[in-house]
Amino acid sequence: MFLHKKSIDVLISECTLLIKGTSLEYLNDDFNKIKDDITSPMKIAIVGEICSAKSTLVNALLGEEDAVRTGVKEETFNVSWLYYDESCKKVTVYYDDDTSEEISFSLWDYMANRKDQSRYAIDINYLKVPKVNEVLKQFEIIDTPGLDAINNIDSQNTRKFLDKHVPDAIVLLFNRGISKILLDQLALYQKNIFNQMTPLNTVGVLTKIDNLWPGESNPLEAGNRVAKRLMNEDILSQTIFDIYPLSPAMALGAKTISSKDIEILTKLSKVDGIERLLRSEKRFVKSDSSICDADKIYIYNKFTRYGLHLLLGLLDWNIDTLRNNILFNSGFETFIKSIYAHFGKRSYQIKLIKSLYMVKSKVNGLKNDACDSEVGVLREIDRRIQRLMKDIVDEDEIELLRVIYSGMHNFTIDEVEDIRHICGEYGSSIGTRIGLGIESTVDDILDTIKSKYMYWNELDIRIGRFQENNYPRIVSKLYMSLNKEVIIIQENMESLNSYLYKDI
Amino acid sequence: MNRKSKLNKLIDESVKLISESNRLDLLPHLEKYKAILNESKIDVMVCGEFKRGKSSLINALLQEDICAVDVDIATSLLTRISFSDELYAKRLYGDVGELQEQDIEDYSDSLKIQKDLEKTNTWMLNIGIKNEMLKTGVSIIDSPGIGGINEMHDYLTSFYVPKADIILFIMDASEPLSKSELDFLRDKIASTKEFIIVINKADLCMDIDEMVEDTKSKIIESIGEEYRDIPIVPVSTLLMNEYIEGKDKIDLEESNFSELNKHIANTMNVYQKKVIDVVKEGIIELLDSLREPLDTEIRVNEDNSILMELKQKLDKEKSNINELIQSASNWEVELGMHISQLRSETINQLDKKIIDLRNESIQDIIDNADNDIERLAELITQEIVEVSLNIEEFITTEILRIYNNISPKVILDKEDIELKGVDLDINIKKKEIETKEDNLSVILSGDFARSTLVVMGLMKIPVVGWALAGYTAFDTIVKLKERNSRENKLRIQKAFNGDIQKALINLKRYTKEVLINSEKVVRNQIKSEIITLKSNYMEIKQVYDNYNNKIISDNKERVDNINRKVQSIDQMSKYVSRV
């Protein structure tokens, strides 16, 4: 992290120098924007097929039942960008012609959703929605309309938005498995998204796993099986970090479970043959019981039939027990942990890569119309950005992470931990990467690196240098380069010390 | 008799018809239609996007665990399930065109078989089971889901769709009909197949009616208004399975599978009807192609455009001749007019010549005669003969021109008829017609030869007269010569003037006669030509009539023959279309 921050400063000052006094000086704004970008919260776009519960997932992430509107059919019509703001009480509508206007929250629903498609719908680029929600301090969330909607405008609206604003990371939702259409649709965003989709910034979600019940008695497990098989498809393993089975509805239900819910559940538990009723939503709602239809629909939609099956099967009616059980079985826990581990700890890196990529493509675009002297400068800037990007993204790290997450390995638990640490899953500081606390000295660090390197090097030799999938070799190389980094810092420190204590 | 056996009987009769017409090339087609008509097997193909529950639905429909089912994509091969007393499972593999069959010993783990065979060159599994539902000849085909990332799955399904007879298109109640599903329905299924939309997993949906409406409106909007009545049947495989297990009638009812079965049976009826229609159309088309060459033959045989043309010409000739032989017909009026015009022109010219000769030319002649009276007479005679020859030439040319203008034009001659391919026995004396102009010239010049003689004769009288008159005139001339030559000239002029005038007046009179004679000659010539024309016409007419009668009687027989065939074909088509 330290190195990256330093490198980006160096890059910016180098580039500023390169363009100083030339006709390209206006690029300074773009360079400085990199700095702004990497300090703002990470922007995560929720992208996916129609009815893949994108909006429900947004609500689940925020832990709010009605943060964004949801429904059974194609509901979301325009892109909504949720961000943290305590002071602002109005939604800003950004139109295609770059104008904007503020509207009240009550109008937001009207403008963003399918119901009452207004004349605005087509001209709107996106809606920016302020919310007071701690999650948004770390991640800004972009809710998008589904791809492959019959009404092409929905997809167009997503594309229109993505043409102008590149999210830092993408959560890709799909219903039953990945469809060719979804891949094709994503390819349409090639310029801004597909090029950007790397295992670094994209996770997949196999959504609505609650629908697998009762055909599958354990939907989460079944979902994992499908996810694992999907990740064996080349096209996916190259673009997606991992796929998580998830029931957004159950996750949201768990997060917003209330005493009112428990009341209804209690009544439900007394209904005869409830399991049989859960086989069909209609049957469930039409059944005779002391609960009114509205409550039945409410509770069914809130927890899904699989959720209700789980809840009613529990003996302990403590609200936390209920919540945790549903949350666990929704797959949300694993998912959110991964989001935080993967996106959170890496957000700086992801944002930086994205910003650099944006500047790089702009620079490359300028080359076409530039004069000879400008081309020289632009090429030099491009070269420097390229070099820095290579430093930041270590493809070996991603490969290792994927291996340990896929479970297709023979590593011991300790070895897996080593890999997680060295690949930055727990943080990117040198100490964290070798599993040491903050109190450790430089010597401790060097010793640890050395012993870990020896360990992995031995594994490497045992496997054989030229063997395919020699992961220990990758790990030992990572320790080696970490060692180099520490020595450079140490040397810098020594020169700093000698400078500080030098007699004037 | 039902439609099918009626149609079968008509096919058999059509075979006869076709054989009689020597159109054996059409027989295989007819046999193909017969085979289609009598095919009792119906392929009901279940297709749709991946993970829609197609295989589970088939299992529930047959109430048998026959298709591989899994939470992940399980079906990667086409699976055809047909009726058989003995259980069997075979795989169809190999290159297209050379497919081979191999028995599968153990079909108990269908999922494993699908997975194992996916990576081989297997196209299809053929399964035989003893299931009452399939006893009527229905086969159910399970297909790999479309729209996934495995292109082979799409390929296999798209490959079989055209071979299937009825399609059950499976969609999912938890997702509205998507664009890709609609595209598949529209492009691959709707226009060519009978199909039913099955909304599976209806248990996941509270308001399934709304879902059905939504699906219907999407289909109407995207594929067409004519698909408004396409059956859209929501079912719950889950509840059907519950029924199979627990035999609770409520499960069966709510699963809506009975409704699905009803729709499948209906659609099969519609399909059978459609098959009969297709066969009907096919046979009618075959009969049409049997009929087509006959129609052409009739058309050719009835084609009398050549005769029509000849007839037209003959008619024209006839009216032409009629007009020519009328009294005071155009040509005669014209001839008279031209001749009188020629006469006045000729007389005019002669008058001019007379004046000229008497006043001017004579002076030169006298000078040239050099007092030789014999020579003088000769020169004057020469001058007059020259005038007469000029006039003669002028008249001859003009008369020929007039003749050419008014002589009747032949509209139809033998050559014409021969060119049209009409066989003629009669020769027309063409030569006569060709040389008539020369004849006329001979006749005319004969006249004029006489005219010169006439002129010469006239002239001779004065010369002889002069000679006989003796020397007085002669002497006078000689004497005078020596005195005033001008005075002499006038005297000589005076001496000859009377004779010259006489000669020219004679010539004038004669010219008039010649013209009258010429007119007669031309008139007679034309009249004789008209007679020739008329006889030619009569001859050609006779030829035409004979020929015409022959063709008409020949054709009638042939056309009647063909018409009889055409009628029986038409009758057959009518019978077929009435089935």
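**Turns, strands and a charged patch**

At 63% relative accessibility, A:Asp98 is classed as exposed. Keep in mind that this is a predicted model. A:Asp98 sits in the loop between β3 and β4 of chain A, and its phi is near 70°, a positive value in a residue other than glycine. From there, this briefing goes through the strands around that turn, then a strand in chain B, and then a handful of local features.

**The hairpin in chain A**

- β3(A) and β4(A) make a hairpin with 4 residues between them, and A:Asp98 is in the turn.
- The two strands run antiparallel, with 4 bridges joining β3(A) to β4 (residues 100–103) of chain A.
- To pick out one pair, A:Tyr94 stands opposite A:Ser100 in β4(A).
- β3(A) also pairs with strand β5 (residues 124–131) of chain A, again in the antiparallel sense and over 4 bridges.
- On that side, A:Thr92 faces A:Lys128 in β5(A) as its opposite number.
- How much of β3(A) is buried? Strand β3 (residues 91–95) of chain A is mostly covered, with 4 of its 5 residues buried.
- A:Asp98 is a contrast to that: its 63% is over the 50% cut-off, so A:Asp98 counts as exposed.

**Strand β7 in chain B**

- Strand β7 (residues 166–172) of chain B has 7 of its 7 residues buried, so it is largely enclosed by the rest of the structure.
- In a regular strand, side chains alternate between the two faces of the sheet.
- Which residues of β7(B) are on each side? B:Ile166, B:Leu168, B:Ile170 and B:Asp172 are on one, while B:Ile167, B:Phe169 and B:Met171 are on the other.
- Both of those faces are covered, and all of these residues are buried.
- β7(B) pairs in the parallel sense with strand β1 (residues 42–48) of chain B, over 5 bridges.
- In that pairing, B:Met45 has B:Ile167 as its bridge partner in β7(B).
- β7(B) is also joined by 7 bridges to strand β8 (residues 194–200) of chain B, and these two run parallel as well.
- Here the bridge partner of B:Ile166 is B:Glu194 in β8(B).

**Negative charge on the surface of chain B**

- B:Glu101, B:Asp103, B:Glu105, B:Asp106 and B:Asp109 come together in a surface patch of negative charge.
- One of them, B:Asp103, belongs to strand β4 (residues 100–103) of chain B.
- B:Asp103 has a relative accessible area of 49%, which makes it partly exposed; the cut-off for exposed is over 50%.

**The loop between α3 and β2 in chain B**

- B:Gln63 lies in this loop and has a positive phi of about 55° although it is not a glycine.
- Is B:Gln63 buried or partly exposed? At 40% relative accessibility, B:Gln63 counts as partly exposed.
- B:Leu77 is in the loop between α3 (54–62) and β2 (78–83) of chain B too, but B:Leu77 is buried, with a relative accessible area of 1%.
- B:Leu77 and B:Arg91 are 14 residues apart along the chain, and their C-alpha atoms are separated by 9.8 Å.

**A cis peptide in chain A**

- The peptide bond between A:Trp213 and A:Pro214 is cis, with omega at about 5°.
- A:Pro214 is found in the loop between β8 (202–206) and α10 (219–230) of chain A.

Technical notes: Residues are numbered from 1 along each chain as its sequence is written. Chains are lettered from A and ligands numbered from 1 in the order in which they are written. This is a predicted model: local features need pLDDT of at least 70, side-chain atom pairs count only at pLDDT 80 or more; totals for chains, interfaces and linings use all residues. Side-chain values use heavy atoms; hydrogens and water are left out. Patches are made of residues with over 30% relative accessible area and no salt bridge: like charges are joined within 9 Å, nonpolar side chains (Val, Leu, Ile, Met, Phe, Trp, Tyr) within 5 Å. Accessible areas come from the Shrake-Rupley method with a 1.4 Å probe; for residues, only the protein chains shown count as cover. A salt bridge is a side-chain nitrogen of Lys or Arg within 4 Å of a carboxyl oxygen of Asp or Glu. Lys and Arg count as positive and Asp and Glu as negative; His and the chain ends are not counted. The place of a charge is taken as NZ of Lys, CZ of Arg, CG of Asp or CD of Glu. Buried means under 20% relative accessible area, exposed over 50%, partly exposed in between (1.4 Å probe, protein chains only). Two strands pair if DSSP finds at least two bridges between them.
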